[in-house]
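Some terms used for a structure rest on cut-offs.

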Amino acid sequence: MSAAEALIAEALLNAPATVRGVGIDVVDVQRLRAMLERRGRPLYDRLFTPAELVLCEGGSPRHRANRLAGRIAAKEAVRKSLGAHGQGCGWLDVEIGRAESGQPLPRVSGRAEEAFRRASFTGLHLSITHEAGLALAIALAV
Amino acid sequence: MGAMDVREQVFAVMRGVGFDGDELADGKRLAEDLDIDSTELVEIVVALEQHFDITVDADAEGGFTTVGDLVGCVGRLLSAGSAARG
């Protein structure tokens, strides 16, 4: 078990029993950036809501790519946290907003909202980090 | 466009996105056999849309399990487009 896996395992052991779903995902920032450059607007529109694109505007191309990759990792982490209920959820069914504090704020709609209700979850917690050209997100469902 | 032509063109688009042509066959599973992840699948779908000038419903993405599913979807959309044009 790696140090990161050990930390996650320990965090899960110590977490309140109300944690009912967990999802994690990692995205290679440069790979995503290359995909978006190759396909242009149609790929942006498949992956991101208009509000997410607004949140990712500004800054250097590298920072923008980091923000976009963080959102993709977060969407996938949220989908995974929904477990089997989340199968078939689309990219736009999970939107990653931003709280005033800067904390990522997941919002579910459509099939993701249905999955959230079917699973009887009451909330989602999300964290995103970037390191070594990767964006990583972890989501906890309660 | 015949079914074989559609299949060959779908394979060509997938090769263009970076997937090995030798591994492509209708029965190949996208995730398990070809190691295609969820973002790569979206890029393939957009590449198919751009190549064939079709629109693939975002809801259909979750139903693509094999290469044959992609070929079938493109074939249906092309047929529907031809029928609509008369």
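Q: Why are H2(A) and H2(B) called roughly parallel to each other?
A: In this predicted model, helix H2 (residues 29-39) of chain A and helix H2 (residues 38-52) of chain B pack at an angle of about 10°, with their axes 11 Å apart. Angles under 35 degrees count as roughly parallel, and H2(A) and H2(B) are therefore given that description.

Q: What makes the contact between H2(A) and H2(B)?
A: Leu32(A), Met35(A) and Arg39(A) come from H2(A), while H2(B) supplies Thr39(B), Glu43(B), Val46(B) and Ala47(B). Residues count as being in contact if their C-beta atoms, placed from the backbone, lie within 7 Å.

Q: How many residues of chain A are in contact with chain B, and how many of chain B with chain A?
A: The contact joins 14 residues of chain A with 12 residues of chain B. On the side of chain A that touches chain B, the elements giving two or more residues are H2, helix H3 (41-47) and helix H5 (61-81). H3(A) gives the most, with four residues. That side of chain A has eight nonpolar, three polar and three charged residues.

Q: Which residues of chain A does UniProt assign to the feature "domain: 4'-phosphopantetheinyl transferase"?
A: The UniProt record, an unreviewed entry, places this feature at residues 21-115 of chain A. In the model the span is 54% helix and 19% strand, and its end C-alpha atoms lie 12 Å apart.

Definitions and conventions:
Residues are numbered from 1 along each chain as its sequence is written. Chains are lettered from A and ligands numbered from 1 in the order in which they are written. This is a predicted model: local features need pLDDT of at least 70, side-chain atom pairs count only at pLDDT 80 or more; totals for chains, interfaces and linings use all residues. Axes are lines fitted to C-alpha atoms, for helices over the stretch in contact, and angles run from 0 to 180 degrees between N-to-C directions. Angles under 35 degrees count as roughly parallel, over 145 as roughly antiparallel, 65 to 115 as roughly perpendicular and the rest as oblique. Two residues are in contact if their C-beta atoms, placed from the backbone, lie within 7 Å. Ala, Val, Leu, Ile, Met, Phe, Trp, Tyr, Cys and Pro count as nonpolar, Asp, Glu, Lys and Arg as charged, and the others, Gly among them, as polar. UniProt positions are given in the numbering used here, feature names are shortened, and annotations may be inferred rather than shown by experiment.
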